[in-house]
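These are my notebook entries on a structure that I had not looked at before. I went through it from the whole chain down to single residues.

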Amino acid sequence: MGTKHLGDRLIILIALLTVLIFLGAKQDISHGPTNPLLFFSQLFAVLGAVLFSLSFVISSRARFIERLLDGLSDAYKTHHFIGALGFTLLINHPVLLILKAFFNESSTKLYFLPVGPVSYSYGIIALYSLIALIVVTLFINLPYNTWKFTHTFMGLSLIFALAHVFNIQSDVSRNLALEIWVKAFLLLGCLAYLYKILLYRKLSGSYLYKLVGLDTTGKVLNLFAFPKGKPITFSAGQYAFIRVLDNKGISREEHPFSIVEQMTDGKVTFSIKKSGDYTNRLDDLKVGNSLQIIGPFGLIHKKINTKQDCVFIAGGIGITPFVGAVKVALDLGRKAYLFYSIREQSENLYDDRFRDLSGKSDKLHYELWMSNVQGRLSISSIQDKVGALDNKLFLICGPKAMMYDLSKQLKEKGVKSENIYMEDFALR
């Protein structure tokens, strides 16, 4: 079973256990019929709090999360899904309480305004702050650096939710098992939030580099950086997050880019396509600028350590993680196929290197695919060259639409999802 499936099943198991513990608690403390609005309000609150807390753990970039969910890109997809589900459940908690109060002809002010007991006020503040941040971060098209700054305040909503649960008299506080379960996940979420803010860079690996060279190939900017101290240690195919520390024209948030290679003197190379606000601003970089490099991340090096033949499929700048990975696969004695799709010759990167490598090894089949002449690359075209698709590992990196289209085609031809690995840098 792939780690991706193991991680997903673990989350489902936690959700099911949450529901079962809640039902057991209700059975234990109930002495009569329960108002259905109250019942579902409490259930949504408990399940929503656990899932929302888990979303912080999953987005922490901790090493065990990367391994458990088969890479940071899949971890962030899971983070978005369970975070949105947790938010939906949490927002229905006060809605159902308001309906209950309305039908019982009770005051609903307690659930709208932070003017009642402090325990209720904590919950209202948590909810309103969460709604405001969700609207700002998901429904307003903000520049990435602004979006990232506002997103960091999500943890404050979790802290107020934790204060709400610790202070309110409810079924959570009246049943020890449910109390320990919910409070443990809320505390875990808060610790993950603090880890991401205070410790993640240091514990993940933080390295100071000096930019020593720049050149441009078409729309691709090649950066060459030399370590100011200890150099980063990484495996072929991995990537790191880069922060520019001392250039006023470039914001200081971090972005992920593949580490193409490292020279014997410690100098590293990054090839970055200028395709958005941030990457276009990298034209302002100057030799001598200081870079913070955080990482490494990525699991390609673990994936290719297999007995299967490796089929690498790259689109455009997606070739960068495969520069080193293809050679490692060959060094491990694997047969490797590399299909490199570009629209036109000006987008070509590292073609000479792969042609030279294929000339030296009969275990490498390399093909440069020109989509403006040959059309879109398809799995049928690939199958004509690699033969049977079973017992092969497919590694795909490139534009998101291309990756998901090729992955879908592979699955339609019977390839199991654990034999498909996509490197997706959309970590927003």
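**Entry 1, ground rules.** I took helices (H or I, at least four residues) and strands (E, at least two) as DSSP runs, numbered from the N terminus. The model is a predicted one, in which local features need pLDDT of at least 70 and side-chain atom pairs count only at pLDDT 80 or more, while totals for chains, interfaces and linings use all residues. Residues are numbered from 1 along each chain as its sequence is written, and side-chain values use heavy atoms, with hydrogens and water left out.

I looked up the overall make-up and found 16 helices and twelve strands in the protein chain, whose C-alpha trace spans about 80 × 50 × 40 Å along its principal axes. Of the 428 residues, 52% count as buried; buried means under 20% relative accessible area, exposed over 50%, and partly exposed in between, with a 1.4 Å probe and protein chains only. The chain exposes about 20,200 Å², and carbon and sulfur atoms supply 60% of that area, which comes from the Shrake-Rupley method with a 1.4 Å probe. I also checked the contacts (heavy atoms within 4.5 Å): among those with a separation of 6 or more, 71% are between residues 24 or more positions apart.

In what order do the seven strands of the open sheet stand? I read the order as β4-β3-β7-β1-β2-β6-β5, with antiparallel pairing; two strands pair if DSSP finds at least two bridges between them. Because β4 (255–258) and β5 (261–262) stand at the edges with a single partner strand each, one side of each is left without a neighbour in the sheet.

I then followed β7 (residues 290–297), which pairs with β3 (residues 239–244) over five bridges, Phe241 having Ile294 in β7 as its bridge partner. Five bridges also join β7 to β1 (residues 206–217) in the antiparallel sense, and there Tyr209 has Leu291 in β7 as its bridge partner. Between β1 and β2 (residues 220–227) I noted eight bridges, with Leu214 opposite Leu223 in β2. The hairpin of β1 and β2 has two residues between the strands, and Gly218 takes a positive phi near 60° in it.

I looked at one pair inside it, β8 (residues 309–315) and β9 (residues 336–342), which run parallel and are joined by six bridges, with Val311 opposite Tyr337 in β9.

At what angle do α12 (residues 322–331) and α13 (residues 351–360) pack? I noted an angle of about 5°, with the axes 11 Å apart; axes are lines fitted to C-alpha atoms, for helices over the stretch in contact, and angles run from 0 to 180 degrees between N-to-C directions. That makes α12 roughly parallel to α13, a term for angles under 35 degrees. In this contact Phe322, Val323, Val326, Lys327 and Leu330 of α12 meet Arg353, Phe354 and Leu357 of α13.

The peptide bond from Gly295 to Pro296 is cis, with omega near 10°, and Pro296 is found in strand β7. Asn391, in the loop between α15 and β11, has a positive phi of about 60° although it is not a glycine, and at 53% relative accessibility Asn391 counts as exposed.

How values were computed:
Angles under 35 degrees count as roughly parallel, over 145 as roughly antiparallel, 65 to 115 as roughly perpendicular and the rest as oblique.
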